[in-house]
Amino acid sequence: MTSDDFVPVPLRRLWGMSESSHLGRPASLDVNVVVAAAVEIADRDGLDGVTLPKVAKSLGFTSMSLYRHVGSKDELLTLMADAALGPPPDIAAPDWREGLRRWAFAHRAVLQRRPWLTRVPAAGPPSGPHQIAWMEAALAIMSGTLLDWAHKIGVMSLISGYVVQSVRQYSELADGRADGQGQADAERDYGRALARLVNPDRFPETARLFSSTLFEAPPSDTPDEAIADADFSLGLELILDGVAAQIARSDP
């Protein structure tokens, strides 16, 4: 038994370890080809469009041929998620806060290009080479702080989860808007409608919210991207404020 025997087959595929040869295996088909085809379908049709038969058909093979390279649909999704994520950019920043801010925006940019990534079920902690590369980048940013490993992982998980949820929510809200309606107009219509419906005797604070100018603030011609960036930054800065407080508590 070798050390590789302790590495599950799905992880071997994820890390590009050589596959065992199979009699009759088509020479033009391997796990990288399968994953690339699946990612192309997801980019075009969304995650729901990815099925093993469709991937096989796009490659000119039978579905059974794919099972020699991916054990299941769940394994294929795991492989796709890591491949589509890609490596992180080089992040140079003057301090941990700006570094994590740039890390979060870089992660968000990948998900905005491929929003289907936000819908891939979490099969476990980061384990693919690209996911580990993003982890390494975040840990390197926090290496100069006095946070312990548990807090560093907690910070990374919190920011990553916020990024995923933010992109997914924005995508869903955009899909739900009427054709041609921008985010500023949608927020204004929402605020005005709820201002008429919310009873201040029953919901006093919420009524005050909808009677404020919050939902009237952005001009109707404000680009959706600018509003989304502002909303994302607001939440991110609140998280980073919490990280700063924890770092301050860690300083002896």
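Tryptophan 103 is buried in this predicted model, with a relative accessible area of 3%. Tryptophan 134 is likewise counted as buried, at 4% relative accessibility. Both values fall in the buried class because that class covers relative accessible areas under 20%.

These two residues also belong together as a pair of rings. A search of the whole structure finds six aromatic pairs. One of them joins tryptophan 103 and tryptophan 134, whose ring centres are 6.0 Å apart. A pair of aromatic rings is described by the distance of the centres and the angle of the planes. Here the planes stand at 70° to each other, and the arrangement is edge-to-face. Tryptophan 103 is part of helix α6, residues 96-113, while tryptophan 134 is part of helix α7, residues 129-141; the pair therefore ties together parts that lie 31 residues apart in sequence.

A second pair is formed by tyrosine 190 and phenylalanine 210. Their ring centres are 5.5 Å apart and their planes meet at 75°, so this pair is edge-to-face. It links distant parts of the chain, since tyrosine 190 lies in helix α9 (residues 183-197) and phenylalanine 210 in helix α10 (residues 204-211), 20 residues apart. As to accessibility, tyrosine 190 is partly exposed at 42%, whereas phenylalanine 210 is buried at 8%.

Aromatic residues also gather in a cluster, and charged side chains meet aromatic rings. Phe105, Tyr162 and Phe232 make up one aromatic cluster. Over the face of phenylalanine 232 lies arginine 108, at 4.6 Å from the ring centre. Elsewhere in the chain, lysine 152 places its charged end over the ring of tryptophan 149, at 4.7 Å from the centre of that ring.

Lysine 152 leads on to threonine 145, for it is among the residues that threonine 145 touches. Threonine 145 is located in the loop between helix α7 and helix α8, the latter spanning residues 149-176. Although it belongs to a loop, threonine 145 is buried, with a relative accessible area of 11%. Its side chain reaches the backbone oxygen of methionine 142 at a distance of 2.7 Å. When residues up to four places away in sequence are left aside, threonine 145 touches Trp96, Lys152 and Ile247.

Note on methods
Residues are numbered from 1 along each chain as its sequence is written. This is a predicted model: local features need pLDDT of at least 70, side-chain atom pairs count only at pLDDT 80 or more; totals for chains, interfaces and linings use all residues. Side-chain values use heavy atoms; hydrogens and water are left out. Rings of Phe, Tyr and Trp (its six-membered ring) pair if their centres lie within 6.5 Å; planes under 30 degrees apart count as stacked, over 60 as edge-to-face and the rest as tilted. Helices (H or I, at least four residues) and strands (E, at least two) are DSSP runs, numbered from the N terminus. Buried means under 20% relative accessible area, exposed over 50%, partly exposed in between (1.4 Å probe, protein chains only). A charge sits over a ring if NZ of Lys or CZ of Arg is within 6 Å of the ring centre and within 35 degrees of the ring normal. A polar contact is a pair of N or O atoms within 3.5 Å; within protein, one must be able to donate a hydrogen and the other to accept it, and residues adjacent in sequence count only if both atoms are side-chain atoms. Contact means heavy atoms within 4.5 Å.
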